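Welcome! Here is a short briefing to read alongside the sequence and the 3D view.

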Amino acid sequence: MPEALLNYESLFQQMSVPFAVLDHDRRYVAVNTCYTEMLMRIAQDLIGNNIFDLFPETLERRRRVDAAFRKALAGQPITLSEVSYPIPGLTVDADTRNA
């Protein structure tokens, strides 16, 4: 293998933004180091698990994400505005923000 070829796994792990790859069933296939650091989890805790099982969501947010997945998987362009996901143990509630 020529040295000029990129090592995609290394590039993926060194990305400076949190990045996760999910399959058609919303299960984690891969996560980068930045993503696991943000969640304070290890990759083995995530891989193979459904994102909604690990991070339960409101029905409305889940519908928005599922609709975006369906469109993307059908090859349609999508725009998904920022969707806030509270992370258990890391989320600051309104009472402590204003203290």
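## The nonpolar core

Eleven residues form the largest nonpolar core: Tyr28, Val31, Tyr35, Leu39, Leu46, Ile51, Phe52, Leu54, Phe55, Val65 and Phe69. Such a core is a set of buried Ala, Val, Leu, Ile, Met, Phe, Trp, Tyr and Cys residues joined through side-chain atoms within 4.5 Å. Two or more residues each come from strand 2 (28-31), helix 2 (33-39), helix 4 (51-54) and helix 5 (59-73), and helix 4 gives the largest share, three residues. Helices (H or I, at least four residues) and strands (E, at least two) are DSSP runs, numbered from the N terminus.

This is a predicted model, where local features need pLDDT of at least 70, side-chain atom pairs count only at pLDDT 80 or more, and totals for chains, interfaces and linings use all residues. Residues are numbered from 1 along each chain as its sequence is written, and side-chain values use heavy atoms, leaving out hydrogens and water.

- Beyond its neighbours within four places in sequence, Leu46 is in contact (heavy atoms within 4.5 Å) with Tyr28, Val31, Tyr35, Thr36, Leu39, Arg41, Leu54 and Phe55.
- Thr36, in helix 2, counts as buried at 12% relative accessibility; buried means under 20% relative accessible area, exposed over 50%, and partly exposed in between (1.4 Å probe, protein chains only).
- With neighbours within four places in sequence left aside, the contacts of Thr36 are Val31, Arg41, Ile42, Ala43 and Leu46.
- Phe69 sits in helix 5 and touches Leu22, Asp23 and Arg26, not counting residues up to four places away in sequence.
- Phe69 and Arg26 are 43 residues apart along the chain, with 8.5 Å between their C-alpha atoms.

**Salt bridges**

- The model has four salt bridges, each a side-chain nitrogen of Lys or Arg within 4 Å of a carboxyl oxygen of Asp or Glu.
- Arg26 and Asp66 form a salt bridge (3.0 Å, N to O), which links the loop between strand 1 (20-22) and strand 2 to helix 5, 40 residues apart.
- Arg26 is buried, at 11% relative accessible area, and Asp66 is buried too, at 15%.
- Asp66 also meets Arg62 in a salt bridge (3.7 Å, N to O); these two are four residues apart in helix 5, so about one helical turn separates them.
- Asp23 pairs with Arg27 (2.9 Å, N to O), and a network of salt bridges links Asp23, Asp25 and Arg27.

**Confidence**

- The chain has a mean pLDDT of 81, with 75% of its residues at 70 or more; pLDDT is the predictor's confidence in each residue, from 0 to 100.
- Over residues 94-99, pLDDT stays under 50.
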